[in-house]
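Open the model in your viewer and keep the selection panel at hand. This tour goes stop by stop.

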Amino acid sequence: SNAKAEEKTYIIATDVTFAPFEFQDENGDFVGIDMDLLKAIAEDQGFKYQVRPLGFNAAVQALEAKQVDAVIAGMSITDERKLKFDFSDPYFDSGVIMAVDEDNNKVSSYEDLKGERVAVKTGTEGAAFAQSIQDKYGFKIVTFDDSANMYEDVKTGNSIACFDDYPVLAYGVKQGNGLKIVTDKESGSSYGFAVAKGENAELLQMFNDGLSNLKASGEYQKILDKYLETGD
Ligand code: GLN
């Protein structure tokens, strides 16, 4: 760590709800893999920060507008985003998958989406994937700002399916969110911590150094296990 970094409080934007990466616990505190990683990395590297749960798309927009210093929000490292942002080393592998209501026995493939409404979350890889197959399979897209409202639209039957990141949907399904996964995972990008292109290089370096220290110490795996361990 360096003296300059110790004086500054970095503003770090995140999603409103994206369990197990960021979500509010019973006390209203933001917890999850991203939140715990950030906390441990900041401790390891000696920097101060404040988290702003803005929602995913708003967080990305705020970073682009340089209103915040960084984003950690299960944000996929994509070539398109690399034009605007600098990413840390990848810290979690992801991918996009489709889910339907757990009682829906009619939709089990993209072919079954014809003429139906499909829910996506604005600005995400899931939304981009849905758009990329929309014409081929002939469905309509309905957009939401957060995953909770997107899932709710499927639960109420307004949308027939939704697309979201595999680790998030799998966790939600296991927690009993009322949905089920019906397709194979599409290949997707890994998650990274992002800063605006050419900005906050020292913060990015501290994130990478801290991440590598946490991996070496076993703390990284402990954080993952805390949220993902199946126990059986
Ligand atoms: N990983 C996805 C993306 O970057 C979704 C992130 C999110 O919804 N928080 O587009």
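Select K66, which sits in the loop between α3 and β5. Helices (H or I, at least four residues) and strands (E, at least two) are DSSP runs, numbered from the N terminus. K66 is not a glycine, yet its phi is positive, near 60 degrees. Most residues other than glycine have a negative phi, and most peptide bonds are trans.

Before moving on, note that this is a predicted model: local features need pLDDT of at least 70, side-chain atom pairs count only at pLDDT 80 or more, and totals for chains, interfaces and linings use all residues. Residues are numbered from 1 along each chain as its sequence is written, and side-chain values use heavy atoms, with hydrogens and water left out.

Now select A19 and P20. A cis peptide bond joins them, with omega about 10 degrees. P20 lies in the loop between β1 and β2 (23-24).

**Stop two: the two domains**

Colour 3-92 + 191-228 as domain 1 and 95-187 as domain 2. These bounds come from an automatic or database domain assignment. The domain centres, taken over C-alpha atoms, are 26 Å apart. Domain 1 puts 18 residues into the contact and domain 2 puts in 14. Contact here means heavy atoms within 4.5 Å.

How much area is buried between domain 1 and domain 2? About 1200 Å², with 59% from carbon and sulfur atoms. Buried area is the accessible area (1.4 Å probe) that two parts lose on being put together, summed over both. Select F18, F56 and N57: they supply 31% of the area that domain 1 buries against domain 2, more than any other three residues.

Next, show the polar links. Between the domains there are 4 residue pairs in polar contact, both residues at pLDDT 80 or more. A polar contact is a pair of N or O atoms within 3.5 Å; within protein, one must be able to donate a hydrogen and the other to accept it, and residues adjacent in sequence count only if both atoms are side-chain atoms. On the domain 1 side, α3 (56-64) and α9 (219-228) each supply at least two residues that touch domain 2.

**Stop three: salt bridges**

The domains share 1 salt bridge. The term means a side-chain nitrogen of Lys or Arg within 4 Å of a carboxyl oxygen of Asp or Glu. Select K121 and D15: their side chains form a salt bridge at 2.7 Å, N to O.

By this rule the count comes to 9 salt bridges. Another is K8 with D69, at 3.5 Å between the closest N and O atoms. K8 is in the loop between α1 (3-7) and β1 (9-14), while D69 is in the loop between α3 and β5 (70-71), 61 residues apart.

**Stop four: the ligand**

Zoom in on the backbone: a polar atom of A73 is 2.8 Å from a ligand nitrogen. For G74, a polar backbone atom is 2.7 Å from a ligand nitrogen. Finish at R81, where an N or O atom of the side chain is 2.7 Å from a ligand oxygen.
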